[in-house]
Amino acid sequence: MRVYIRARVSQRLKMISLGKILESCRIIPVVTIRNIEDAVPLADAIFEGGLSTIEITLRTPEAFAALEVMVKRFPKFSIGVGTVIDNMDIRRAKDSGAAFAVSPGINIDLIEKASAEKLPYLPGVQTSSEALLGLRLGIKFLKFFPAKIAGGLEGLKQIAPVYPELMFCPTGGISFDEAPEYLAQKNVISVGGSFASPQTLIAKRDWNAIKALAQRAAKL
């Protein structure tokens, strides 16, 4: 049964390309939206700053509504969801127009669902065993989360020669100053985090400051 699932998942994942999304924006702002009216001006500030991708965490009731508003207002950009933990999240993400979905962990059911929905999907890993599972399922791109706890730069360096086919998007505890070091790693395709759009600035609705941070991030 497991062999069948693995073969079926690998076949479907070949039709789904996440690489273009991750390569097009090597710094991915991870945002949590608590007020729906913040959705458009927040996205506008980030995109005006030069970034092309946003990950909205599913940590608030407003998340999917914010996604729908952003997708409608900015159809040319890649707007996805994070903190995906069950199949319904995948279904709603697809229905709401998400360009991709991200999970904090790796789960075969979620991979199957994302594959069935043809939704680019980035599962999270923290250990070598989880990375091996992803590789065996035919996945080439994985979220490395929480990056600092999982070993940070040293952890990525250790994993690189063991799994040369895998590329990672480290997220969790990474600062603006540390981002360039992560991006310099050969097995890092992009870096995610809230450092380009801090929750404190969103709460203050300081869109100019967020735009400035996006401009700084785009230069990385």
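Of the contacts in the protein with a separation of 6 or more, 63% join residues 24 or more positions apart; contact means heavy atoms within 4.5 Å. The structure is a predicted model, in which local features need pLDDT of at least 70, side-chain atom pairs count only at pLDDT 80 or more, and totals for chains, interfaces and linings use all residues. Residues are numbered from 1 along each chain as its sequence is written, and side-chain values use heavy atoms, with hydrogens and water left out.

The protein has eleven helices and nine strands. These are DSSP runs numbered from the N terminus (helices H or I, at least four residues; strands E, at least two). The radius of gyration is 17 Å, close to the 17 Å that the globule rule gives for 220 residues, so the protein is as compact as a globular protein of that length. The radius is taken over C-alpha atoms, and the rule is 2.2 Å times the number of residues to the power 0.38. Along the principal axes, the C-alpha atoms fill a box of roughly 50 × 35 × 25 Å. Buried residues make up 52% of the 220 residues. Buried means under 20% relative accessible area, exposed over 50%, and partly exposed in between (1.4 Å probe, protein chains only).

Helix α3 spans residues 39–48. Its buried residues are Ala39, Leu42, Ala43, Ala45, Ile46 and Phe47. They pack against β1, β2, α4, β3, α10 and α11. Gly50 follows α3 and has a positive phi, near 115 degrees.

The axes of α3 and α11 (residues 207–218) come within 7 Å and cross at roughly 35 degrees. Axes are lines fitted to C-alpha atoms, for helices over the stretch in contact, with angles from 0 to 180 degrees between N-to-C directions. Pro41, Leu42, Ala45, Ile46 and Glu48 of α3 meet Trp207, Ile210, Lys211 and Ala214 of α11.

In helix α8 (residues 152–159), the buried positions are Gly152, Leu153, Gly155, Leu156 and Ile159. Seen down the helix axis, the buried residues of α8 fall within an arc of 160 degrees, so they line one face. The arc is that of the directions from the helix axis to the C-beta atoms. These residues pack against β7 (141–144), β8 (167–170) and α9 (179–183).

Val125 lies in strand β6 (residues 124–125). Val125 counts as buried because its relative accessibility is 2%. Leaving aside neighbours within four places in sequence, its contacts include Ile106, Leu142, Phe144 and Phe168.
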